[in-house]
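I opened this notebook to keep track of what I looked up, one topic per entry. The sequence and the structure come before the entries.

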Amino acid sequence: MVSTSLPGGTWTLGDLPVTRFGYGAMQLAGPWVMGPPADHGGALAVLRAAVELGITHIDTSEAYGPHVTNQLIREALHPYPDSLHIVTKVGANRDQQGGWPPARDPESLRRSVHENLETLGLDVLDLVNLRLGDAAGPQPGSVAEAFETLVGLQQQGLIRHLGVSNATPEQVAQAQAIAPIVCVQNMYNLAHRQDDELIDALAEQGIAYVPFFPLGGFSPLQSSVLSTVAARLEAAPMSVALAWLLRRSPNILLIPGTSSTTHLRENIAGAALPLSDDDLAELDKIGR
Ligand SMILES: NC(=O)c1ccc[n+]([C@@H]2O[C@H](COP(=O)([O-])OP(=O)(O)OC[C@H]3O[C@@H](n4cnc5c(N)ncnc54)[C@H](OP(=O)(O)O)[C@@H]3O)[C@@H](O)[C@H]2O)c1
């Protein structure tokens, strides 16, 4: 049993206890997630602060940088505390233009799992998400060959738990028919509510939903309703957005990204913001 003073308490991913308030490491790499960070020491400091503040769930990918974010995590935090769980994803490469071409053939997936083990300095990956779709979002299509490849790597002992990302509800169901998943990581926030039904269905099954771009990603969330509620509560809009996600469903885990320890602390404090039923009803209108 793990206790935490972080907002939202804890969740168990498969058999791994994690704080519901996690950290998304993507934006630690250079601009548009390519190359090294402008402030190497600052990036290491954010990662160390996250763990010191009690966060036990860090989200990453070999594609961030590429390689850069994983290398930063290893430099900042290895040897890892037993309580820390690093979640990675496979299924996309990077091209010279900074694009994210899919790489879901069996050989690419196997290579990517081994690269993640190498750069993170691990013998086993706690949780690997199969990233589907493309930069435009989830796309229909079979996940069978790719997911079965990861199941094979799991059976070899290289992966503890599996999840899917950027997935349609049909692809989630198809993966679940092949092997258990412990999370779905899709784009979702106050203004993008396409997965409302999926979140509720996963909650009933005890499966985590991990929204990426909880703060809007590369374009910060903007909404006059959000600004109004935030002003009334004398809080930052980002605080309201995170507090709303924690209230939205108990299976939602937060992985907001930041390259600033000041923002990290602000986000932790902000996610604890109490929201009344009236606040929630008003915020609920934004993405509906
Ligand atoms: N599965 C997928 O396909 C996928 C796709 C995208 C992302 N992800 C994961 O999801 C995580 C979260 O997404 P994200 O980091 O791209 O987007 P995000 O969490 O929605 O927003 C991050 C942005 O918000 C800014 N920010 C954070 N806190 C702030 C604050 N208190 N005040 C002002 N600005 C603040 C950050 O800038 P500063 O650095 O200046 O704080 C950064 O630019 C990623 O780290 C990654 O692990 C997964």
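This is a predicted model: local features need pLDDT of at least 70, side-chain atom pairs count only at pLDDT 80 or more; totals for chains, interfaces and linings use all residues.

**Entry 1, helix α7.** With that term in hand, I looked just after α7 and found that glutamate 234 takes a positive phi of about 55°. Within α7, which covers residues 224-233, I found Leu226, Val229 and Ala230 buried. These three lie on the same side of α7, because they cover an arc of only 100° around the axis. On the face of α7 turned away from the buried side I noted the exposed residues Ser224 and Ala231. I then looked for what covers the buried residues of α7, and the cover includes α8 (237-248) and α10 (277-284). At the start of α7, I saw that a side-chain oxygen of serine 223 comes to within 3.2 Å of the backbone nitrogen of valine 225.

**Entry 2, the strands.** I turned to the hairpin of β1 and β2, which has 2 residues between its strands and, in the turn, glycine 14 with a positive phi of about 65°. Strand β1 (residues 10-13) and strand β2 (residues 16-19) run antiparallel and are joined by 4 bridges, and tryptophan 11 has valine 18 in β2 as its bridge partner. I next traced an open sheet of 7 strands with parallel pairing, in the order β3-β4-β5-β6-β7-β8-β9. Its edge strands are β3 (23-24) and β9 (208-209), each of which pairs on one side only.

Is histidine 57 buried or exposed? I recorded histidine 57 as buried, because its relative accessibility is 2% and the cut-off for buried is under 20%. Histidine 57 sits in strand β4, and its bridge partner in β5 is histidine 85. Strands β4 (residues 57-59) and β5 (residues 85-90) are paired in the parallel sense over 3 bridges. Setting aside neighbours within four places in sequence, I listed contacts of histidine 57 that include Val18, Tyr23, His85 and Ile255.

Which of the 25 residues around the ligand come nearest? I found these to be Asp59, Leu215, Thr258, Ser259 and His263. A polar side-chain atom of aspartate 59 lies 2.6 Å from an oxygen atom of the ligand, and a polar backbone atom of leucine 215 is 2.7 Å from a ligand oxygen. For serine 259, I noted a side-chain N or O atom 2.6 Å from an oxygen atom of the ligand. Taken alone, the ligand exposes 900 Å², and the protein buries 86% of that. Helix α9 (residues 261-271) gives the most to the shell around the ligand, with 3 residues.

I noted a cis peptide bond between glycine 65 and proline 66, with omega about -20°, and placed proline 66 in the loop between β4 and α2 (68-77). Another cis peptide bond joins histidine 78 and proline 79, with omega about 0°. Tryptophan 32, in the loop between β3 and α1 (40-52), has a positive phi near 55°, and I recorded tryptophan 32 as exposed because its relative accessibility is 61%.

Conventions:
Residues are numbered from 1 along each chain as its sequence is written. Side-chain values use heavy atoms; hydrogens and water are left out. Two strands pair if DSSP finds at least two bridges between them. Buried means under 20% relative accessible area, exposed over 50%, partly exposed in between (1.4 Å probe, protein chains only). The arc is that of the directions from the helix axis to the C-beta atoms. Contact means heavy atoms within 4.5 Å. A polar contact is a pair of N or O atoms within 3.5 Å; within protein, one must be able to donate a hydrogen and the other to accept it, and residues adjacent in sequence count only if both atoms are side-chain atoms. A residue is near a molecule or strand if one of its heavy atoms lies within 4 Å of it. Accessible areas come from the Shrake-Rupley method with a 1.4 Å probe; for residues, only the protein chains shown count as cover.
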